[in-house]
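User: I would like to learn how to read aromatic pairs, a helix face and strand pairing in a model. Could you take me through them one at a time?

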Amino acid sequence: MNNNSSSAKSAPMLTRKYKMVKKIGAGGSAEVWLAIKGGKQFAVKIFNNCDTMEEAEEYVVNEMYFGKKISSQYVVSPHEIFASKSPVNSKNYLSISFDYAVNGDLFSLLEQGRLPLPIAKFYAL
């Protein structure tokens, strides 16, 4: 995931529930935004890089299925699926809200190189 920041004033209000704060990442099929709902932080994944709504639906179904199936303190949990407007255009996209991992994701940490032994043990055990 590439970390990209946008200013808060250009961030969209996707639903009345979530206030988008900043873009925190992007991948092949989606962007991830830091969002606030009821004073709590969430990561909102907006599937805006899919060619069709059917493709986005497949990603969303898989994310929800595996997210609900895996119960671990090391895996962020999905909360809800909703339609959202793009920050760039007026198209509708599917989105999922997740718990927000304050220290980032494990994949980004691994991209930085070898983990120090205490951190590697923490994740392995």
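**Aromatic rings, a helix and a sheet**

Analyst: Tyr18, Phe42 and Phe82 form one aromatic cluster. This is a predicted model, in which local features need pLDDT of at least 70 and side-chain atom pairs count only at pLDDT 80 or more, while totals for chains, interfaces and linings use all residues. Residues are numbered from 1 along each chain as its sequence is written, and side-chain values use heavy atoms, with hydrogens and water left out.

User: How is a pair of aromatic rings described, and how many aromatic pairs does the structure hold?

Analyst: A pair of aromatic rings is described by the distance of the centres and the angle of the planes. Rings of Phe, Tyr and Trp (its six-membered ring) pair if their centres lie within 6.5 Å, and planes under 30 degrees apart count as stacked, over 60 as edge-to-face and the rest as tilted. The structure holds four aromatic pairs. In one of them, Tyr18 and Phe82, the ring centres are 5.1 Å apart and the planes are at 15 degrees, so this pair is stacked. Tyr18 lies in the segment before β1 (19-26) and Phe82 in strand β4 (residues 78-85), 64 residues apart, so the pair links distant parts of the chain; helices (H or I, at least four residues) and strands (E, at least two) are DSSP runs, numbered from the N terminus.

User: Are Tyr18 and Phe82 buried or exposed?

Analyst: Buried means under 20% relative accessible area, exposed over 50%, and partly exposed in between (1.4 Å probe, protein chains only). Tyr18 is buried at 1%, and Phe82 is buried at 11%. The rings of Tyr65 and Phe66 have centres 5.0 Å apart and planes at 80 degrees, so that pair is edge-to-face; Tyr65 is partly exposed at 44%, as is Phe66 at 46%.

User: Which residues of α1 are buried?

Analyst: Helix α1 covers residues 53-69, and Ala56, Val60, Met64 and Gly67 are buried in it. Seen down the axis, the buried residues of α1 fall within an arc of 75 degrees (taken from the directions from the helix axis to the C-beta atoms), so they line one face of the helix. The face of α1 turned away from its buried side carries the exposed residues Glu54, Glu58, Val61 and Lys69.

User: Which strands does β3 pair with?

Analyst: Two strands pair if DSSP finds at least two bridges between them. Strand β2 (residues 31-37) is joined to β3 by seven bridges, and the two run antiparallel, with Val32 opposite Lys45 in β3. Five bridges join β3 to strand β5 (residues 92-99), also antiparallel, and here Ala43 stands opposite Phe98 in β5. Five of the seven residues of β3 (residues 40-46) are buried, so this strand is largely enclosed by the rest of the structure.

Methods. Expected span 1.5 Å × (residues − 1).
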